[in-house]
Amino acid sequence: MSTKIKINSQIFQDSNNIYYPKDETEVSDLIRELYKQDSPTEIIGNNSKSFIGNKTQSANTTSLSKISGIIDYRPEELYIKVKACTPINEIEQVLSENNQELAFEPIDFGYIKEGKSNKGTIAGYLSCNYAGSRRFKVGSVRDHVLGFKGVNGKGDIIKSGGTVVKNVTGYDLSKLIAGSFGTLVALTEITLKVLPKKDSSKTVIIYPSNFEQIYDFFNKLSSSSSEISGAVFIPEQSKDKDFVTKKNSVFKFNDLKSNVSFIAFRVEGDKISIEEKIHNLKKELELNNSDISTLDVYQSEPFWKKVNNLEVFEKTEHNLIRMVIPPANGSKLCKYLENNHNYFVDWCGSLFWIEVNSKKEEKIKDIKKMAKDFGGYLTVIKTSSEYDYGEAIFTVDKVRLMISEKVKQSFDPKRILNPGKMYRGV
Amino acid sequence: MSEIALPKIDSSILNRKSEIVKKLSKLTNIENVLSEADELRPYETDALSVYTQTPLAVVLPENTEEVSEILKYCHSENIKVVPRGAGTGLSGGALPLQDAILLGLGKFNKILEIDYENKCVVTQPGVTNLGITHAVQHKGFYYAPDPSSQLACSIGGNVAENSGGVHSLKYGTTTNNILGVQMVMMDGTICRFGGKSFDQEGYDLMGLICGSEGLLGVVTEVTVKILKTPEVVRAALIGFPSIKEGGDAASEIISSGIVPAGMEIMDKALIEATDNFSKAGYPRDAELLLIVELDGTESEVNELIKKVEAICKKNNCSSLKLSNSEKERLSFWAGRKAAFPACGAMAPDYYCMDGSIPRGKLAEALLEIKKLSEKYELPVANCFHAGDGNLHPLIMFDGNDKEQLRKTEEFGSEILKTCVRLGGVITGEHGVGIEKRELMCEMFNDNDIQQQLSIKKSLDEKNLLNPGKVYPILRKCAEEGRVHVHKNKDKFPDLPRF
């Protein structure tokens with residue numbers, strides 16, 4: 001059945017109707033038809049991250065999951081061009097064969113959703129723009145997108161960017177698409193910058209005694225010429241026994257003490273320079289060997305996977321907040337969170353993952369105010385089943401909302417694509 | 001260069017000049033408004049100096065509120081506005097229009113805050129790129145993007161053009177190194193995107209503004225990320241007997257997993273020109289010269305240098321010299337940085353092109369350029385940011401010879417079309433401006449361009465902000481058969497054409 005006939009048939013009346021266009025032309029035909037009929041659609045990939053954002057109000061669902069496969073991989077040119085819903089696992093696998101990787105370290109949201117890995121597709125990643133622990137050094141997903149192709153809300157196939165890193169030809173729409181939650185285009189093709197994998201890694205663990213000290217360490221780490229590529233703070237949170245148990249079981253490593261708060265920082269590179277950097281950093285942070293633990297590469301790699309899988313919040317039934325603030329305000333936030341909410345800090349003091357108990361939902365409002373006062377923002381990544389959406393799950397001010405509406409209008413004038421997924425009116 | 005089409009002049013605006021100047025003088029200090037012929041002359045062109053136009057008036061506001069009031073006024077009175085930073089742009093993005101106000105940001109020249117704890121600097125847009133590094137280098141920090149004009153170009157202009165530099169493979173361009181901007185829209189609305197934290201949520205409007213060439217808003221404040229200066233920086237100067245061997249070595253360095261801080265290639269014509277000019281001590285027998293810069297900790301750099309040496313020897317390099325001091329490293333760069341003036345000394349005029357190509361296509365591109373050089377009987381020298389694939393052929397000509405002028409322009413246009421054919425783009429870092437406007441159709445089809453115009457329309461409905469730049473005037477594009485307009489029927493009748 002052609003898309004057109006299908007849309008016009010009785011099945012179209014069924015709100016559970018899911019379309020699976022097979023290529024860009026079919027996506028274009030489908031959206032053009034929906035545009036004609038003023039009939040909005042939810043856009044999904046492999047459904048691994050569709051729980052993030054507001055629920056869309058639409059009669060249709062368009063799954064782009066069949067638009068998958070690697071189009072062109074040029075290791076020597078440091079790029080890979082893929083169909084939009086190519087699974088992250090498939091991309092990582094082929095890159096790994098050439099000792100390359102997606103440097104932004106994709107977060108695996110499968111663990112918080114269902115307790116097991118489900119990385120989903122590259123289109124999903126680009127649409128959310130959530131990078132992992134290496135972000136503060138290498139940039140976010142948006143910094144690794146060289147170009148894309150997709151279908152706007154009128155059904156037109158559009159493209160922007162290319163395969164080269166230096167490109168200032170026309171507006172940089174790749175950036176705009178990153179983090180747009182499928183509200184501007186249905187992606188069909190994505191070109192990513194890839195980078196060589198580092199030879200090895202080591203992780204050093206410090207056991208700080210107070211919040212000021214944590215941020216003093218973070219500041220020294222981010223001010224050093226001996227570059228690090230990850231720094232987290234995992235608090236003990238002694239009031240919540242379940243969290244302590246979970247934390248101790250997730251971060252159970254031979255060389256890591258349990259039942260304590262700790263900072264972990266990662267150094268990557270060739271083996272000689274790793275030792276040199278750790279030597280320099282110990283000096284700059286005034287650390288003695290007796291104060292620290294070191295995780296070798298066999299412990300270091302799984303450690304950062306567990307961080308990026310958000311395993312301490314595995315299958316959480318509460319609200320999970322992702323909050324980003326300038327690091328200078330971090331110690332104040334830690335003090336507030338201590339004994340109130342379970343959390344951990346990534347990106348060398350900038351990124352907070354905060355679990356807000358479903359019985360304390362009203363606190364989200366206070367936390368959001370704090371995010372704004374500190375010059376940052378928050379997103380409620382996962383909501384509890386009781387969440388009443390009284391507090392918007394995204395952070396936006398009036399002017400940015402007004403501009404976002406205008407931008408949405410220019411891509412999708414009838415609000416066909418994922419309406420309301422981010423903000424009302426967008 | 002040949003004549004270019006600009007938006008139709010609104011004669012009613014020209015007739016109201018004195019009234020407009022009077023009103024502007026109320027919105028800012030009277031001495032910030034320039035309207036006499038001799039005052040306007042310095043603003044007639046930017047660094048693409050073959051094109052000149054006299055603006056209606058120049059206004060140099062001193063703060064964001066004044067910018068907002070001026071834009072609000074121009075918006076309500078339908079007066080076009082051309083924003084300008086330091087005027088160092090090479091694509092004519094700040095070319096004035098006769099019926100437009102030129103809005104100069106030169107008085108926005110202060111650094112507002114240096115925040116080491118959050119590793120950022122909040123600055124006004126008129127501060128120079130290098131000025132930011134100067135303000136933080138005593139603490140061992142720097143601002144990474146380093147366009148060749150960094151001594152003079154403003155950070156606001158860098159945001160408008162998304163400027164790069166020789167280190168952009170490892171450290172990215174402007175868009176990867178800014179955290180936030182304050183901007184005024186054409187209707188006077190003041191807005192803020194981002195701040196001191198990473199990755200604003202929602203639409204990445206900062207990412208949209210960066211590289212929008214002054215078409216979507218006027219940037220009045222920028223927050224940039226600062227980085228710690230690397231412990232050790234060393235460079236290698238490597239000569240090759242052929243273009244192919246040098247190009248292959250550059251490709252192999254990248255594919256082996258090394259990310260150099262900078263990697264530059266110069267062809268024989270440029271080696272000779274720069275060595276004559278700057279006495280840099282380059283290997284004059286080489287057909288191609290590769291400069292590779294590596295940074296990091298001491299052992300990291302030593303390790304990388306060993307790898308680079310091995311790759312270059314494998315590819316039959318004819319000479320290899322490593323810098324053993326900071327002075328020597330800078331001397332390696334001296335010739336490369338003198339490339340443009342060196343060409344200037346060889347011919348009355350030179351025209352600098354700016355395309356990007358996949359790194360591996362370098363030999364093919366250079367060969368093609370050589371053929372074109374013979375075809376047009378004009379000498380050309382090439383430098384290439386080999387790390388990121390950005391190619392700068394410099395065509396030498398005599399601007400007083402009209403025929404040479406015409407040929408130069410055609411030659412340049414063919415080079416950029418070659419870049420697109422090889423899988424690259426028409427501008428890597430200079431921007432489209434007016435210079436490459438008509439070539440946009442080489443890269444984008446009707447849908448792509450209409451989507452971009454549609455964004456422009458949504459943020460500047462009356463098309464008053466820097467009109468006539470970046471996007472082809474449809475008539476010309478259609479005449480050249482690149483945009484498909486069937487039977488004179490426009491696909492988007494509701495959209496303005498500029």
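Modeller: Strand E17 (residues 355-356) of chain B and E19(B) pair in the antiparallel sense; helices (H or I, at least four residues) and strands (E, at least two) are DSSP runs numbered from the N terminus, and two strands pair if DSSP finds at least two bridges between them. This is a predicted model, in which local features need pLDDT of at least 70 and side-chain atom pairs count only at pLDDT 80 or more, while totals for chains, interfaces and linings use all residues. Residues are numbered from 1 along each chain as its sequence is written, and chains are lettered from A and ligands numbered from 1 in the order in which they are written.

Colleague: Which residue stands opposite B:Asn390 in E19(B)?

Modeller: E17(B) and E19(B) are joined over 2 bridges. Opposite B:Asn390 stands B:Ser356.

Colleague: In E19(B), which residue is the bridge partner of B:Val380?

Modeller: E18(B) and E19(B) run antiparallel and are joined by 6 bridges. Strand E16 (residues 349-352) of chain B is also antiparallel to E19(B), with 4 bridges, and there B:Tyr351 stands opposite B:Ile395. The partner of B:Val380 is likewise B:Ile395.

Colleague: Which residue takes a positive phi in the hairpin of E18(B) and E19(B)?

Modeller: The hairpin has 4 residues between the strands. The residue with a positive phi, near 80°, is B:Gly389.

Colleague: How many residues of E19(B) are buried?

Modeller: A residue is buried if 20 or more other C-beta atoms, placed from the backbone, lie within 10 Å of its own, exposed if 12 or fewer, and partly exposed in between. In a regular strand, side chains alternate between the two faces of the sheet. On one side of E19(B), B:Asn390, B:His392, B:Leu394 and B:Met396 are buried, and on the other B:Leu391, B:Pro393, B:Ile395 and B:Phe397. The number of buried residues in strand E19 (residues 390-397) is 8 of 8.

Colleague: Which residues are exposed on the other side of H13(B)?

Modeller: In H13(B), B:Phe332, B:Gly335 and B:Arg336 are buried. They cover an arc of only 110° around the axis (taken from the directions from the helix axis to the C-beta atoms), which puts them on the same side of H13(B). The exposed residues on the other side are B:Glu326, B:Lys327 and B:Leu330.

Colleague: Which element gives the most to the side of chain A that touches chain B?

Modeller: In all, 72 residues of chain A are in contact (C-beta atoms, placed from the backbone, within 7 Å) with 74 residues of chain B. Elements giving two or more residues to that side of chain A include helix H8 (211-222) and helix H10 (271-284). The element that gives the most, with 8 residues, is H14(A).

Technical notes. Contact = placed C-beta atoms within 7 Å.
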